[in-house]
Amino acid sequence: MKNDKTTTQKATAKTITLPALAMRDIVIFPKMLLHFDVGREKSSNALRAAADSDRKIFLVTQKDTTVVNPEVDDMYTIGVIAEIRQLLRTPDGNVRVLAEGVSKAKLVGVTETDPYLLAEVSIIKETKRKNPPETEALMRILREAFKAYATYMPKMQNDFYEAVLSEPDLGRLIDAITFNVYLKAPAKQRVLECTSLKKTAEILATELQTELNYLKTQLDIESVLNESFDHERKQLFLKEQLQIIQNQLNGDNGKTPPQDANGNPIAGDAEMNKKISELPISDESKGVLYKQSEKISLLSPGHPDYYTVKSYLDEIIDFPWGVCEQKNITVKQAEKILNSEHYGLKKVKERLLEYIAVNILRENKVAYAAQTAADKVYNKTLHIEDLDEIEDMATKASNAAINKITPSKSNIICLVGPPGVGKTSIGKSAATALGRSFARISLGGVHDEAEIRGHRKTYIGSMPGSIVKAIERAGCVNPVILLDEIDKLSSDYKGDPASALLEALDPEQNKEFRDHYFEIPIDLSKVIFITTANNAGNIPEPLYDRMEIIELGSYTREEKYKIASKFLFPKQLEENCVSLSYKPDVLRDIIEHYTREAGVRRLEQQIAKLCRKVAKDTAELPQPEWSKHKPKITLATLPNYLGSRKFKADEIPDRNEVGTVNGLAWTSAGGTLLPLEVLILEGSGKTEVTGNLGEVMTESAKIAMSVARNLAHEFNIAPDFYTKKDIHIHAPEGAIPKDGPSAGVALTTCLISALSGIPIKRDIAMTGEITLRGKVLQIGGLREKSAAAYKAGVTTVIIPESNLPDLEEVDDEVKEHLRFVPAKTISDVLSVALIRDKAIIEPSEPIPVVC
């Protein structure tokens, strides 16, 4: 701390009584922040007493640190009144104190000694004092002494060093050195008691020189010890070399010592070398490890590098090199496992079953090739009597035949879909179906490359990356590893983790993946990587290019019902230890009116809430009635458990209306009905678009206006309507943002209806992008949109003709109740959607109807 003024001290006649604390080997100064620990009971009591009053306490240094209960004669006369800033209780029972010195004070006497010291002190008033004539000389002496001291303190911060040397005031220079340089307590006490700047500077310079002499002597002693340590290390090395020579001469009691690829004996730790020699890795990799083993044999356990190298070797030896886990599971068995744990997800299941089928065929092909090659050797070597030689030749022939077969290079599967649709859980099921171990790596928020590839072993606390750790957790080199939330990766000055994943996820490169910690190649070609993402657009392009994307759409109402009835309800009943009964309409009501999501996560939460309410009601009954309590949940009683309905279901209009159409939209929570309205007003040709529409949807409205103007004569619409009428286009529920081009057909139909006065059928819905020429273009999310239309009571859905192949993905139940009408142009749409006695516009060609 720095004093603002150079002062002298003068004791005042007025005394005050404060709790006192005798400190061992610690001296505090005014305006100095100090941390120290307190263990004595009296000292702890004094701190509590001060904390309960004005937080002031008298801190004074005791002369003899061995005195347990110091009295007045055992303490110095001059101390400091300090303010307690913070008290913390440490795990060992002591109290850690943060105090700030306020003012010097003189100990007059001690009035009480139990339960703590209560001291009577007089405050030493500090008055401004002048610098002595020798100020410049004294400051030069102090700076030189401090420079010499700093050369023996390499950890001293450079900012502090520069600040001390540039301090222009003698008093502040003394404070800076005294507060931050190690001096013995008696020396600091003399500085505290001194009232003269000159005398204080002389004392400080003398003490600095004394401390400097101590440091020089200490370094001389350490140098001698280091020389002795080097000598001992040399002796240890020579003994190790002698042991190696003896092992070669004596054959190590019949055991051959580890040898390198050229047959030369290897120096190093014998036990460690034996473990390295047994690893199923290349000779080049073993050479790297043998060098580390040799290094550890030259170090004593007290050397700082000893445990760094030993931990590195232990980590590599414990890695499951060559350990493969594979169960003989047929395609039928795998399909049964997947279906028992997940409903739907046909694309993912089909892809996993394809992988299993290829694996089965490949293993059969490898076994046949190896057996055929071995049989040929046996047939050609009937004249050789040495069976070991024949067996060796057969093994080499089998391995050569296997190596000719192209190794499997499975693509990396990326599951893309909204939250809660089962991306992570299907990864676990995939591991079960494949008969392999499973490990998960969460990539959300990862922004350091070292998280993926590990830290180099030279750093303190270094460790392998997450991929190596996942393989170690799995215990084999062919696990299923799920890279969760790959679209949430970020990068900063520490590197780009997405780039670090490129090598691991590239089938052409991952056979020799190098972790920074291991420094030797690791074969990842046997690992099945499955990644997940919510938004494929956020995946870096190089990573996206290496993965096979499988889209997981939102669940339909029927899928949610089946998932809840088969999986979620039984699971929650088991977890909450309750029994209940319900009708199908109750579960459908929970799905429609208490959740709105793409997956089933919120649905499970609502079911869990219902079960917990039942559990509470059960627990309130007498215990003998618990097993009999099985409430029947109905639509009437459901609000008692879950509260009032949270969401309103989509509904079509009650009657056919002019200027109102049912559009269809896709959201992250699934499909939804998108009603659109157009109102024609007398005006001057203004067009207003409202309803929180995005840029693309606003452009669709402009295109719809142009198409309507082009078709005006065919519907008896005034050709100059756009100059004499104001048109207001609105999408209800304005708080919800809406965007996308698929509302173009609906906007055009709604405009022509409003301008011509022709009503639109109430039970019809439509989706499709429109062009200026009136063509209807393909859209996405047909499965979800059609499910929303079915749920809202729509009977006919107009879709782009190019979307007909997508009807294969639509649920069978939805296709049974909906009539799908493909449209190639806007004329096809208008001929079906508008109600008129006589067709004003004919479709471009006969319209097929798909049921």
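Lys488 is partly exposed, with a relative accessible area of 34%; here buried means under 20% relative accessible area, exposed over 50%, and partly exposed in between (1.4 Å probe, protein chains only). Its side chain meets that of Asp487 in a salt bridge, at 3.2 Å from N to O, where a salt bridge is a side-chain nitrogen of Lys or Arg within 4 Å of a carboxyl oxygen of Asp or Glu. Asp487, by contrast, is buried, at a relative accessible area of 6%. The model is predicted: local features need pLDDT of at least 70, side-chain atom pairs count only at pLDDT 80 or more, and totals for chains, interfaces and linings use all residues. Residues are numbered from 1 along each chain as its sequence is written, and side-chain values use heavy atoms, with hydrogens and water left out.

Side chains of opposite charge can pair when their charged atoms come close. Over the whole structure, the search finds 24 salt bridges. One of them joins Lys347 and Glu809, whose closest N and O atoms are 3.5 Å apart. Because Lys347 belongs to helix α11 (residues 346–380) and Glu809 to the loop between β23 (796–800) and α26 (812–817), this pair ties together parts that are 462 residues apart in sequence. Helices (H or I, at least four residues) and strands (E, at least two) are DSSP runs, numbered from the N terminus. Lys347 is partly exposed, at 46% relative accessibility, and Glu809 is partly exposed as well, at 41%. A further salt bridge links Lys526 to Asp523, with the closest N and O atoms 3.4 Å apart. Lys526 is partly exposed at 39% relative accessibility, and Asp523 is partly exposed at 22%. Salt bridges with shared partners also join Glu559, Arg783, Glu784 and Asp811 into one network.

The interior comes next. In soluble globular proteins, nonpolar side chains tend to be buried together. A nonpolar core is a set of buried Ala, Val, Leu, Ile, Met, Phe, Trp, Tyr and Cys residues joined through side-chain atoms within 4.5 Å. The largest such core has 52 residues, and Ile486 and Leu501 have the most contacts inside it. Leaving aside neighbours within four places in sequence, Leu501 is in contact (heavy atoms within 4.5 Å) with Leu443, Ile452, Ile467, Leu483, Ile486, Leu489 and Leu543. Another core, of 47 residues, lies apart from it and includes Ile426, Ala430, Tyr561 and Leu638.

Asp484 lies in strand β9 (residues 480–484) and is buried, with a relative accessible area of 5%. Beyond its neighbours within four places in sequence, Asp484 is in contact with residues including Thr424, Arg440, Leu443 and Thr532.

The 15 residues of helix α8 (residues 283–297) should span 21 Å at 1.5 Å a residue, and its end C-alpha atoms are 21 Å apart, which agrees; the expected span is 1.5 Å times one less than the number of residues. The buried residues of α8 are Ser285, Lys286, Leu289, Tyr290, Gln292, Ser293, Ile296 and Ser297. They cover an arc of only 165° around the axis, which puts them on the same side of α8; the arc is that of the directions from the helix axis to the C-beta atoms. The face of α8 turned away from this buried side carries the exposed residues Glu284 and Lys291.

For helix α22 (residues 695–710), the buried residues are Met697, Ser700, Ala701, Ala704, Met705, Val707 and Ala708. These fall within an arc of 170° seen down the axis, so they line one face of α22.
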